[in-house]
Amino acid sequence: MSLKSLYKKNEWPNNSISPVLLFIDDLSNLWIDINEDGEIQPEEDWGFAGFSTKGVFKFLEKEILSDYPEVKVTFFVPAGPREPIIKNSKIKRIALPINYNTKSKYFFKQINDNQKYEIAYHGTTHGVAGFNSSNFKQEWETFKSLNHAKETIKLGKEIFKQTIGEYPKGGKYCGYKSNKYSDDSIDQSSFLWWCRYCQNDAVERKILDPFKTGIDSNPFSAYMPKIFGNNKVIDIPCTLNSVGYLNFYSKIRNKLIVDFIKKFINIFLKMRLKRKLLFLLKHNLVISIQEHISPSREDLKRQTPNIFDDKYLLKETFAFLKNFNVWFCTGTELANWIKDKKFK
Ligand SMILES: [Zn+2]
């Protein structure tokens, strides 16, 4: 069921035009030492470095968010040690659960306690690695029964409770992949909201898969929250990907060629991004931007989208959105508002 029909124009809080959410995946207790120098660099860190100036979190705050204090962030966090993208990688890494020690618990709790941020659920390990990255099985694909899924979620939720002092209110399928047990497992695990699908360019999608993209290719409903399950879980889709389709040049090793391509593609990207933003704003749709906390992977490919490559595009997006009366919120704030407004 789509909620679109329940809205009137400008019916978001304070007559704002659209809710704006920054969804960042896989903040976790992980460090991948890409250059093998034994030192943490921001691009190698997924959260292991905590609030250290060498860590990714400080990079995000200082380099991206500092000029936009109104922006709120929902971080999707695997509770346990995050699985590598491939088996048998030689790259040194440290992957631990978020409740591993006082330092890690402090880090994730401080973030969740900050009004500007929230920590949401993103599985226990994110999945199971294969011998190459295309064989990686995402966590909700691996569950063999509803009970298997629910028991694993229960375990992960307890790790969250021990770390941030409360159960997570929302979450997201790892890799947006699910199976026939998944939606019931979320519905029966007391989540207020969930992100099931990435709806980037919904209208252009040709192949619809209920366990990957969802079956809605109509942008007016695909870019709006939906509800599912007996407990009316609010489903918040990702609706904007700033640079994810630029994967191809990560394979080109010549920096001059990459810089040249990037320069021209950036002009195209900005136009495309602005056109999409204006469409979402014009129709009061949800603007939820998907990002990854780190570009580093054990197969030495670059994870996209990521906050390092998208730094300038993200800042331009926020600067552009500041011209409008938009509502910067977390997933839980949006879900609570919908529940209060529509189901009371
Ligand atoms: Zn993820």
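This report walks through a predicted model of a protein, from its overall build to a few single residues.

**The whole protein**

Let's start with the big picture. The protein's secondary structure consists of eight helices and 13 strands. Its radius of gyration is 19 Å, close to the 20 Å given by the globule rule for 344 residues, so the protein is as compact as a globular protein of that length. Along the principal axes, the C-alpha atoms fill a box of roughly 55 × 50 × 40 Å.

How much of the protein is buried? Buried residues account for 44% of the 344 residues. The contacts also tell us how the chain comes together: among those between residues at least 6 apart in sequence, 72% join residues at least 24 apart.

Now look at strand 1, which covers residues 19-25. Is this strand buried or exposed? Seven of its seven residues are buried, so strand 1 is largely enclosed by the rest of the structure. You can check both faces yourself: Pro19, Leu21, Phe23 and Asp25 point one way, Val20, Leu22 and Ile24 point the other way, and all of them are buried.

**The nonpolar core**

The largest nonpolar core has 80 residues, and Phe23, Ile24, Phe75 and Val77 touch the most other members. Helix 1 supplies the largest share of this core, with six residues.

Setting aside neighbours within four places in sequence, Val77 is in contact with Leu27, Ser28, Ile98, Phe108, Ile119, Ala120 and His122.

Most residues other than glycine have a negative phi, and most peptide bonds are trans.

Asp26 has a positive phi, near 70°, although it is not a glycine. Asp26 sits in the loop between strand 1 and strand 2 (29-32). Glu36 is another residue other than glycine with a positive phi, in this case near 55°. Its place is in the loop between strand 2 and helix 1 (56-65).

Which of these two residues is buried and which is exposed? Asp26 has 21 other C-beta atoms within 10 Å, and a residue counts as buried at 20 or more, so Asp26 is buried. Glu36 has 9 C-beta neighbours inside 10 Å, and the limit for an exposed residue is 12 or fewer, so Glu36 counts as exposed.

The other topic is the peptide bond. Where does the model have a cis peptide bond? One joins Thr304 and Pro305, with omega at about -10°. Pro305 lies in the loop between strand 12 and helix 7 (311-321).

Notes
Residues are numbered from 1 along each chain as its sequence is written. This is a predicted model: local features need pLDDT of at least 70, side-chain atom pairs count only at pLDDT 80 or more; totals for chains, interfaces and linings use all residues. Helices (H or I, at least four residues) and strands (E, at least two) are DSSP runs, numbered from the N terminus. The radius of gyration is taken over C-alpha atoms; the globule rule is 2.2 Å times the number of residues to the power 0.38. Two residues are in contact if their C-beta atoms, placed from the backbone, lie within 7 Å. A nonpolar core is a set of buried Ala, Val, Leu, Ile, Met, Phe, Trp, Tyr and Cys residues joined through C-beta atoms within 7 Å.
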